Amino acid sequence: MVKDDLNSAERQILLGYAPRHARTGLAAILALDDQLSTILRTTREPMVGQMRLTWWHGALTALDTAPAPAEPVLQAIASHVVPKVSGQDLARLVEGWEELLDPEPLDADRLDAFADHRGGGLFRAMAQVAGAAASDPVDVAGRGWALADLAAHVRDPAAAVLASDRAAPLLCQARTARWSRAGRAIGAMAHLAAMPDASPPRRTLRILWHRLTGR
């Protein structure tokens with residue numbers, strides 16, 4: 001149903017902006033979001049999707065007290081993300097994706113919950129692993145990114161418009177800030193979310209400029 005528009009080349013560029021010690025952890029967090037996205041895209045029955053997401057919620061929470069099971073994404077999270085970010089906090093990403101299981105049309109409240117849990121949770125986790133500055137607008141960037149990503153992929157045109165409208169001011173706020181060096185991989189994601197229709201060279205040049213200046 002939803003998958004972010006970062007291609008593999010852009011993702012490698014972004015990870016290269018992060019501190020070296022954080023790159024594996026950031027890649028693991030993005031892989032977790034990919035996994036949760038796949039559940040939504042490949043599950044037709046909401047009840048089945050809920051069961052699969054519930055499993056992931058429990059498995060992530062359990063990382064705070066037990067070794068990871070033999071699942072590659074969870075093992076990467078356990079090795080490179082926990083305990084900098086708790087499994088309980090990472091489980092909030094699951095709660096964001098759960099908002100999309102309801103067959104009823106998405107309204108503003110559900111969109112905001114999705115944006116905070118998925119996007120805010122994802123970006124906060126990345127910021128903790130990377131050591132981003134407290135002044136970096138991580139929350140607004142994450143919420144705006146999640147809403148823009150949803151707007152680009154959701155099938156309901158009305159929901160797409162509503163998500164896009166709510167994303168715009170958040171991304172504007174994130175893009176006008178000057179990001180710390182440790183936070184620039186995250187800031188670059190906000191810049192790319194605001195220009196989905198731009199050509200690949202233009203997208204690459206924009207985030208190269210962001211890497212140099214933080215803006």
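My entries on both topics follow.

I am working with a predicted model, in which local features need pLDDT of at least 70, side-chain atom pairs count only at pLDDT 80 or more, and totals for chains, interfaces and linings use all residues. Residues are numbered from 1 along each chain as its sequence is written, and side-chain values use heavy atoms, with hydrogens and water left out.

Entry one, the patch. I found a negative surface patch formed by Asp102, Glu104, Asp107 and Asp109. I placed Asp102 in the loop between α5 (87-98) and α6 (108-130); helices are DSSP runs (H or I) of at least four residues. Asp102 is partly exposed because its relative accessibility is 37% (buried is under 20%, exposed over 50%, partly exposed in between, with a 1.4 Å probe).

Entry two, the rings. I counted three aromatic pairs (ring centres within 6.5 Å; planes under 30 degrees apart are stacked, over 60 edge-to-face, the rest tilted). One of them is Trp55 with Trp56, edge-to-face at 5.3 Å centre to centre and 80 degrees between the planes. Trp55 is partly exposed at 45%, whereas Trp56 is buried at 6%.

I also noted Phe123 with Trp145, a tilted pair at 5.4 Å and 35 degrees. Phe123 lies in helix α6 and Trp145 in helix α7 (residues 138-153), so the pair ties together parts 22 residues apart in sequence. Phe123 is buried at 0% relative accessibility, and Trp145 is buried at 4%.

Note on methods
Patch = residues over 30% accessible without salt bridge, like charges linked within 9 Å, V, L, I, M, F, W, Y side chains within 5 Å. Areas by Shrake-Rupley, 256 points an atom, 1.4 Å probe, with all protein chains shown as cover. Salt bridge = Lys/Arg side-chain N within 4 Å of Asp/Glu carboxyl O. Lys, Arg positive; Asp, Glu negative; His and termini not counted. Charge placed at Lys NZ, Arg CZ, Asp CG, Glu CD. Helix = DSSP H or I, 4+ residues; strand = E, 2+ residues; numbered from the N terminus. Phe/Tyr/Trp six-rings, centres within 6.5 Å; stacked < 30°, edge-to-face > 60°.
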